[in-house]
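Biologist: Could you please take me through this model? I would like to understand it step by step.

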Amino acid sequence: MKKLFTLLVLILLPLISLAETRYDIMVEMGDEHILKNVSHKLWIENPKIFSAVGNGSSVTLKPLALGSSKIRIDQKEMVVLSVPTGFKGSYKIWNILTRKSPQLNVAFCEQTLCLKGEIFSLDEFKQIIATMEEKNAFLFLKLDMSEKLTVEVEKWYIQYFRNHEITPPKIIFSSMPWKAVLSSKDNSITSRNQTNQVGLFTQDNPNKIEISDNIKVSVKFVEIKKSTARKLGIEWQKVIGGQLIDSKVAFDQSIDLFLNAEESSGNSKTLASPTLICRNGKEAEFFAGGEIPIVLTKYKTREVVWKKYGVSLKIKPVVDPLGQMSIAIETEVSTPDESKAVDGVPGISANRVSSHFDLVKSRTIVLSGLVHNGIGESATGLPYLTQIPVIGKLFSSQGFRENETEMMIFVTPEIFE
C-alpha cells in the first residue's frame with residue numbers, strides 16, 4: 001500500500017508543480033521591471049527569457065520570451081516569470097484555482113497562456129467558462145477530452161456563436177491552444193474578443209476565403225391521400241399554394257416518421273426524395289424530366305432548340321448568424337401537351353409557384369396543386385407521360401386519376417453543421 005501511495009505521488013507531482021508555480025516577480029511581455037539598490041552583479045539563469053540593463057544602482061529587467069528564469073542578486077535567489085500582455089491577473093487567479101484541481105494546470109503554449117489538463121463532462125467545461133467570466137480571468141484552453149465530449153463541446157460553441165450573431169467558425173481542437181478560424185466578414189475586433197473570452201485563440205485565414213453556412217434542403221415528392229393530408233392540418237383548395245407545417249405532427253412524430261408510417265399503411269407513396277446542399281445566399285436546383293427537340297428553320301439554316309419538361313425545384317436560402325432563415329422557392333411541373341401541338345411537336349403545359357418564407361427555426365414547407373388529376377386522365381392518351389421521372393409514377397396511379405390522391409412536395413431546410 002505504501003508503494004502504491006508513493007507511485008501516485010510521483011505521478012501527480014509534475015501536475016502539482018505546474019499548477020503551483022512559485023514566482024517572486026511577474027512581468028508582462030512588452031513591460032519591464034526595475035530592481036533598485038543593486039550592489040552586486042546580477043546573474044540570470046536563462047538569458048533567452050530575460051535581459052538586464054544596468055543604470056547606476058538599479059537594474060531593468062525586460063522579458064524576451066514567455067517563461068521563467070532564476071536570477072541571483074545580492075546573494076538572494078528569485079524566480080522571475082514573463083507572461084503574455086494582458087494575462088498577469090488571469091495567471092494569478094488560475095494559478096490559485098488549479099491548486100484544488102490537480103488534473104488542470106496553467107501552462108505556456110505557442111507564445112500564449114493556456115489552461116491544460118483533462119475534463120470528463122460538459123458541466124466541467126461550462127464551469128471553466130463560467131469561472132473565466134465570473135473572475136474576469138480569461139485564458140485560452142487546451143483540454144483533453146473524449147470524442148463524445150468533443151462533439152458536445154463543439155455544439156456548445158456553435159450555439160454560443162449563434163447567440164452572439166457570429167457565424168460558427170471552424171474549431172481546431174487538436175491545436176495548442178484550441179483555435180477558431182473566423183471568416184473574413186466575422187473577423188472584427190468585437191468578434192475576436194468574443195471568441196477569446198471562451199478560450200479560443202483566433203486564427204486568421206491566410207487564403208481569405210469567405211466561409212458561409214451550408215444549408216441542407218431535404219425534399220420529398222409524395223403521392224398522398226387527401227384524407228391523410230388533413231391529419232397534417234392541410235386543407236387544399238383547387239389552387240397552387242404553399243404553407244408551413246409544424247415540425248411535430250400527430251402522435252408527436254416527426255414529418256419523416258409520419259410519412260413513413262402512412263406509406264406502410266398504404267396512405268402515401270414517396271415518388272422521390274432528393275437532398276440538396278447549397279451555400280448561404282446561393283441557389284440550388286433539382287430537375288427531373290426530359291427535353292423535346294424543336295427544329296427552327298431559317299434561311300439556308302436549321303437550328304434545333306431543346307425545350308425542357310418535368311419537375312423543377314429551385315431554392316435560395318439566406319441565413320443570418322442567429323440561424324434565422326429567409327428562403328425563396330420556385331417550383332414548376334411541366335408536361336407535353338398534344339392539344340397545343342404545332343407541326344407535330346407537342347406544346348408544354350406548366351404550373352409553377354414562387355413562394356417566400358421567413359423561418360426563425362427549421363420548419364417544413366409543403367407545396368401542392370402543381371399537378372391536377374386532369375393531366376393524369378390524359379395520361380391514357382399519352383402513354384409516354386408515365387415515363388417522366390417523379391411525376392410519371394403519379395400518372396400511373398389509379399388513386400390519382402380518381403382524384404383520391406395528389407402530389408405534395410415537402411421541403412425542409414436546415415443548417416448543415
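Biologist: How many helices and strands does the protein chain have?
Modeller: The protein chain has ten helices and 23 strands. Helices (H or I, at least four residues) and strands (E, at least two) are DSSP runs, numbered from the N terminus. This is a predicted model, in which local features need pLDDT of at least 70 and side-chain atom pairs count only at pLDDT 80 or more, while totals for chains, interfaces and linings use all residues. Residues are numbered from 1 along each chain as its sequence is written, and side-chain values use heavy atoms, with hydrogens and water left out.

Biologist: What is the strand order in the open sheet of three strands?
Modeller: The order is E2-E5-E4, with antiparallel pairing; two strands pair if DSSP finds at least two bridges between them.

Biologist: Why is one side of E2 and of E4 left without a neighbour in the sheet?
Modeller: Strand E2 (33-35) and strand E4 (50-55) stand at the edges and have a single partner strand each, so one side of each has no neighbour there.

Biologist: Over how many bridges do E4 and E5 pair?
Modeller: E4 pairs with strand E5 (residues 58-63) over six bridges, in the antiparallel sense. Ser51, for instance, has Lys62 in E5 as its bridge partner.

Biologist: Changing topic, how many salt bridges does the structure hold?
Modeller: The structure holds four salt bridges, each being a side-chain nitrogen of Lys or Arg within 4 Å of a carboxyl oxygen of Asp or Glu. One of them joins the side chains of Asp213 and Arg162 (2.9 Å, N to O). Asp213 lies in the loop between strand E13 (201-203) and strand E14 (214-225), and Arg162 in helix H4 (residues 147-163), so the pair ties together parts that are 51 residues apart in sequence.

Biologist: Are Asp213 and Arg162 buried or exposed?
Modeller: Both Asp213 and Arg162 are buried. Buried means under 20% relative accessible area, exposed over 50%, and partly exposed in between (1.4 Å probe, protein chains only).

Biologist: What about Glu332 and its partner?
Modeller: Glu332 forms a salt bridge with Arg352, with the closest N and O atoms 2.8 Å apart. Glu332 lies in strand E20 (residues 325-342) and Arg352 in strand E21 (residues 345-359), so this pair ties together parts that are 20 residues apart in sequence. Glu332 is partly exposed, with a relative accessible area of 23%, whereas Arg352 counts as exposed at 55% relative accessibility.

Biologist: And what share of the protein chain is buried?
Modeller: Buried residues make up 42% of its 417 residues.
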